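Me: I have a sequence and a structure to go through. Please take my questions one at a time.

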Amino acid sequence: MSSATVDRQFIHDLGLILDPGRVLEGASIERAYDCDAYTIDKSPPSAVVLPVSTEEVRDVVGYCIEKGVPFTPRGAGTGLSGGALPALGGVVIASKRMTQILSIDIPNRRMTAQTGAVNKRLSEAVAHAGLHFAPDPSSQTVSTLGGNIAENSGGPHTLKYGVTANHVVAVKMVDPRGVIRTFGTLTTNAPGYDLVSILVGSEGTLGIITEATIKLTPNPTAVATLLIAFAEVRQATETVAEIISRGVIPAAMELMDHGILDALRLAFDFQYPQGSKALLLIELDSTLASFEAKDAVAMEQAIVEDVCQSHHALEIRVAASEAERAHLWTARKKGIGAMGRLAPTIVTHDGVIPRSKLPEMLDFVYATAAEAGIGVANLFHAGDGNLHPCLYFDDRDPAQVERAIRVGELITHRCVELGGSISGEHGIGVEKLDLMHAMFSPNDLLLQSNVRQIFNTGSLCNPCKVIPNQKSCVEHRKRWRGAAW
Amino acid sequence: MVEGHTRLYRAEFGLEALAQVIKESEVVTTYGFELDGFRRPSSAKHWAQIGLLEQRRNAFLRQPSSPERTDQLNHLEVELSTLRQQTEGHDDARSVTVIDLRDRVGIVDFSAEDQVVTVRAGTRLWDLQQELAQKGQTLPCLTSAHSGLEFAVTYENLMVCHLIDFNLPHGLEGQCGSWRDWLLGAAIFRPDGSIARCGSRVVKNVAGYDIHKMIVGSRGTLTFPIEFVFRTFPAASLPKSEAKQHRTRTATETHALWIQRVQPTDFPNVLREEPDQILESDAATSTIWATVEPGAHRNRYPGDWVLRTGCAEDNVRITDRDQVEAMRQTKARLDPDDKFNPGEFGLEAGTA
């Protein structure tokens, strides 16, 4: 059954399983849920449901299976690769009403929450105890725990603290057969196959995770935040590699190029030293006892400043207070938003390269975009080598859309050629299905496919994601693109 | 175990030859510098050990008689008898190929500024650490020089593939993570002899499922190792360990090893319970290494886990229903003929 064959009776029955008020349908719903933050491909759902519990998710999934209707989980819809796109239509199972924090165990630094809880709220709930949830994607004020788990989200501070996978110890899920299952333990690294590691980052293709137990990380006891201006992007990228090779691992090391600086100037009138072409935002921190922490951070700061100066930094600003720290971060946090001043459409790409290849890679990004006549600005996690070239163009012009897609593909292929990955934190979704072949051989993809079958042998649970060339998906791809235009 | 059905293959002839051996074998397991004692007796490792000891015994029998020969034969017979007793009822009639990885060693590539090293599966941790140290990098598990801890010495002598097989706790886990956190990618053989790669060679990657992380701790039951890609760390800025040596194990001590991890709130109670049994502890992960009499137990706590030696099938026991079912499904999908180190987790129907 495709979305076209979801009938009134099916919608009515969903209303009996939940209640009619939590089953949404109609033209406005189709439009609101036909894509996530990756807007190039679109496919409308037949209905959107808002369960409040794992049991309700199970009941909805069970009914979809019974009727052969595809179902797609969705958090806040901030994903950037189309992971929440209802590729074959059907039912979107949204976690908007599953926002409860179920338990907090401060002494053992664990929290269990429903997966519709917003990332930022998790940290706020334990701030009084000096703890936080470490993954901090830029979307953290709206993105959900479930979305973070599905995409294995990162963020600026993952350079030191790791991605979401490093912070999830157990999950409760509804599997693609409609069975509730739990995996993981309260203590880390228990014997047996690590199935939680497979589920985190599986983009909702192996089931719908409804609750998760996460680690809580102590807040740093000392922090130093530096914003360094350079006259050339290459000086900034070379600085990044040298800081790491000098033995310093900052908590965050973010790079913004002249495209972002222009956007920030236009949008917010931010001022930078004359001749600045790149900014590096570096945060150093320590969780040692406070007297040791200050010394440790000061020692690292001295090394960082030394490296920056040796690469001809124009200016090094150091935050002297929490307010100044927040101000220095503003450039990073408002960068993407500011790009709205440059063009109607922004597509943020995601790829990873060995950080020593950053200078070479950025040269390639600028040259490729220029050749295609597409604007590009870069704001990214330089410490991880995780690029985010932001292409700006006008999506009302199909020719520009095609060129932007082509530029994105060339950039992604170049990441692989340089020994990197096609995605560092946005996931594969539908955006990069075809690019999986660039990174993985047929044998590698067969292994991936076998792993998918551990949990999902059907084609109803978030179909057409992660594994390329799935049966019944290929013919739909043109339709997604057509819907976007 | 059918006598004569074990063969030892040295992995020195390149991947193509190795692929053919794996493809043609009924049961495959690794051989080299590894941990003894933690495995269940049902493991193919045990069947293989019996086969190899039988081969040694037969070779002795062909030598001229001498008092030394008699001594060694007697010693071998005792060892064989113990192993046969432990393995009884767990083996099957399939022949076992034991692949010696001691020739598959060394670094494939290493970039200190990218913090990434690719290493062959048979490389010993000690040798890897020496190479990394030349460029100021390390894998952050305690070295004996760094810590003086007994378990650090044990670890250094092991091959990386076996450290990954077991994912045992180490003294910097609370500060720097476990093998699972540093492993970025892997190249492996599948049961049909094909080679597959998973993960990547960069420090951040979300393309595809994190299969390499599932390999960690899988005790060689899902794939056969070729190469691993690790994230390295600056040696100069390693944090301090909270691991502590309580006492040293004596040479004559025959008690079984008991490794237990509990939640932090239970850790003080664990330390108070029979403190003389505790060899080492790590407050950062609430883990103890202790010795107990074979078959004896220390107290268990909610959410804890235990690994042990000398306790047969209790060396590792997975009891959670969802976990066992998913592990069986995993084994069925990745190794449908049960070729790779069968019996290690007791996943056969009705045994776990």
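**Helix contacts, a sheet and ring pairs**

Reply: A:Thr239, A:Glu242 and A:Ile243 in helix 8 of chain A meet A:Val304, A:Val307, A:Cys308 and A:Ser310 in helix 10 of chain A. Contact means heavy atoms within 4.5 Å. Helices (H or I, at least four residues) and strands (E, at least two) are DSSP runs, numbered from the N terminus.

This is a predicted model: local features need pLDDT of at least 70, side-chain atom pairs count only at pLDDT 80 or more, and totals for chains, interfaces and linings use all residues. Residues are numbered from 1 along each chain as its sequence is written, chains are lettered from A and ligands numbered from 1 in the order in which they are written, and side-chain values use heavy atoms, with hydrogens and water left out.

Me: At what angle do the axes of helix 8 and helix 10 of chain A cross?

Reply: Helix 8 spans residues 233-245 of chain A, and helix 10 spans residues 290-310 of chain A. Axes are lines fitted to C-alpha atoms, for helices over the stretch in contact, and angles run from 0 to 180 degrees between N-to-C directions. The two axes come within 9 Å and cross at roughly 145 degrees.

Me: Which strands stand at the edges of the sheet in chain A?

Reply: In chain A, 4 strands form an open, mixed sheet in the order 1-2-4-3. Strands pair if DSSP finds at least two bridges between them. Two strands of chain A have a single partner strand each, so one side of each is left without a neighbour in the sheet: strand 1 (23-24) and strand 3 (71-74).

Me: Which residue in strand 2 of chain A is the bridge partner of A:Leu24?

Reply: Strand 1 of chain A pairs with strand 2 (residues 47-49) of chain A in the antiparallel sense, over 2 bridges. In strand 2 of chain A, the partner of A:Leu24 is A:Val48.

Me: Is B:Thr29 buried or exposed?

Reply: B:Thr29 sits in strand 2 (residues 27-31) of chain B. Not counting residues up to four places away in sequence, B:Thr29 touches residues including B:Val96, B:Ile99 and B:Phe224. Buried means under 20% relative accessible area, exposed over 50%, partly exposed in between (1.4 Å probe, protein chains only). With a relative accessible area of 3%, B:Thr29 is buried.

Me: Which residues do ring pairs link into a cluster?

Reply: Rings of Phe, Tyr and Trp (its six-membered ring) pair if their centres lie within 6.5 Å; planes under 30 degrees apart count as stacked, over 60 as edge-to-face and the rest as tilted. The cluster consists of B:Trp179, B:Trp182, B:Phe228 and B:Phe230.
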